[in-house]
Amino acid sequence: MLAKLRDLSAEQAKAVAGGGPKYAERHHRRGKLLARERVELLLDPDSPFLELSPLAAWGTDFPVGASVVTGIGVVEGVECVITANDPTVRGGASNPWTLRKTLRAADIALENRLPLINLVESGGADLPTQKEIFIPGGRVFRDLTRLSAAGVPTVAIVFGNSTAGGAYVPGMSDHVVMVKERAKVFLGGPPLVKMATGEEADDESLGGAEMHARVSGLADHLALDEHDALRLGRRVVRRLNHRKPGPAPGAARPPLYDEEELLGIVPEDLRVPFDPREVIARIVDASEFDEFKPLYGESLVTGWAELHGYPIGILANARGVLFSEEARKAAQFIQLACRSGTPLLFLQNTTGYMVGKEYEQGGIIKHGAMMINAVSNSTVPHLTVVMGASYGAGNYGMCGRAYDPRFLFSWPSAKSAVMGPAQLAGVLSIVGRAAAEARGQAYDEQADAAMRQMVEAQIESESLPFFLSGRLYDDGVIDPRDTRTVLGLCLSAIGNAPAPAGPGFGVFRM
Ligand code: COA
């Protein structure tokens, strides 16, 4: 695990480095702050920042981090979603992964009712990949106004370029701060205007901060410099009079067992089972866990606990495979959580639902469907941590990304795919052999062995957490020792939205 964490740090360092020393130094020489420096100055001193998807774009043609920083931080005592373009990476232009990361940040703001603060300096669409982003990218501006309509405040602090579509970020925000002589907000810059209408105009008169503050009225606040802009941004948040609906959490009691030991629980070989109670004991308050149905469906551990004072229900895979009993137990437990309005935490280590004659005849499809139904229609917030395996429909039943958990994090030991690499290659081989036989052809054993090897390597690499995090299939890969802290921050963020109403029927015994 420590070796995997060293790799993780190396990849995260790439995101922090942004466009690299050449562009960072040029940016500083221009008297500007880097994206992360802006975030740090915006936040309350010494308060935590839960950065999201730092590995976005990993394994793609674009730099790790996707030229934008996103996360949840505290400004004037208010938890906010913050996004900051990284102008050292291709001028802060938005590529397809930047877009996904930006849209995810807006979703988090809306679901959890967290004010959204955009720290803007971007060259707009990454022009060579415009076909991937131009049309879907319209959602960025739609989301801003929908947030506002839902009563979730939006703030834009403009440090530099915000042209063309980008001009609608301040355009659609509730509150706008612009930095004097730096912010440039126009639909078309001087060359485009010349081409379109023949008019000669300069940057300042078309979209300078001073012009927007004095003439167009797009800027509410004119900042003297970047530090002043961040100060003004903090004042804006202070005046939102934002209040969390409550109830406030109880006192947080640390676990009795050492969180450091979370490094040694997941075996190197995921086929070796481990007891998730070992994990639960190291993340929940006072290591107190009240199990529900401990003697029934023992491959899935369910029960109640508190985490940083917040009540939670936990579903954790124990022996990998989910049988009918586990599915029924999960469905009943989820209904109970909805009745009591208790958020759910899914700790994934599953190879999926049991296959085979006996289980199909026993109705494993129906029972798996029951569990997936309960997860899909559950009204309480969900959190998911992929500790180990996440294969097949187990990924769905245990609230994978497609089931919209409020937050989903992976450990470096996680692996996720439709099935294991060896099984997948084996299935392809059996199918290929049967197809050849049906055509009356001899099966090429040598080609089969090569194919299996290639497919296995491909599936293995595609099931690893950096790859999946790169595609925004989680909100980040975390150090297992940080699990309690990360989940505590998430539960606190979730507490900004009022508790959802329970379903309109009683609990069915499963
Ligand atoms: N798409 C793709 N690449 C872009 C880009 C964009 N929209 N904007 C900038 N880049 C690239 C540049 O080509 C340059 O690459 P290089 O260093 O490999 O040559 C790198 O990003 C840095 O750009 P540079 O112009 O040196 O940075 P700057 O800080 O001096 O200026 C901008 C930044 C954003 C003001 C300027 O690059 C610009 O005007 N870009 C185009 C803006 C635009 O019209 N976008 C269309 C919006 S829909």
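The largest pocket lies between domain 2 (259–418 + 464–494) and domain 3 (421–462), because both give residues to its lining; the domain bounds come from an automatic or database domain assignment. This is a predicted model, in which local features need pLDDT of at least 70 and side-chain atom pairs count only at pLDDT 80 or more, while totals for chains, interfaces and linings use all residues. Residues are numbered from 1 along each chain as its sequence is written, and side-chain values use heavy atoms, with hydrogens and water left out.

**Domains**

**The largest pocket**
- A pocket is an open set of points on a 1 Å grid over the protein atoms alone, where a 1.4 Å probe fits, with protein on both sides within 12 Å along at least five of seven lines; lining residues have an atom within 4 Å of a point.
- The largest pocket holds about 910 Å³ of space, a volume being the space filled by probe spheres set on the points.
- Its lining has 34 residues, and Thr 351, Tyr 391, Met 419, Gly 420 and Gln 423 lie nearest the centre.
- Helix H15 (364–377) is among the elements that supply at least two residues of this lining, and H15 gives the most, with four residues; helices (H or I, at least four residues) and strands (E, at least two) are DSSP runs, numbered from the N terminus.

**The second largest pocket**
- The second largest pocket holds about 670 Å³ and is lined by 33 residues, of which Ser 94, Val 140, Phe 141, Gly 166 and Val 169 lie nearest its centre.
- Strand E3 and helix H6 are among the elements that each supply at least two residues of that lining.
- Arg 146 is found in H6 (residues 138–149), and Arg 146 counts as partly exposed because its relative accessibility is 47%, where buried means under 20% relative accessible area, exposed over 50% and partly exposed in between (1.4 Å probe, protein chains only).

**Strands E1, E2 and E3**
- In strand E2 (residues 68–75), seven of the eight residues are buried.
- E2 runs antiparallel to strand E1 (residues 49–52), joined by four bridges, and antiparallel to strand E3 (residues 78–85), joined by eight bridges; two strands pair if DSSP finds at least two bridges between them.
- Within the hairpin of E2 and E3, which has two residues between the strands, Glu 76 takes a positive phi near 50°.
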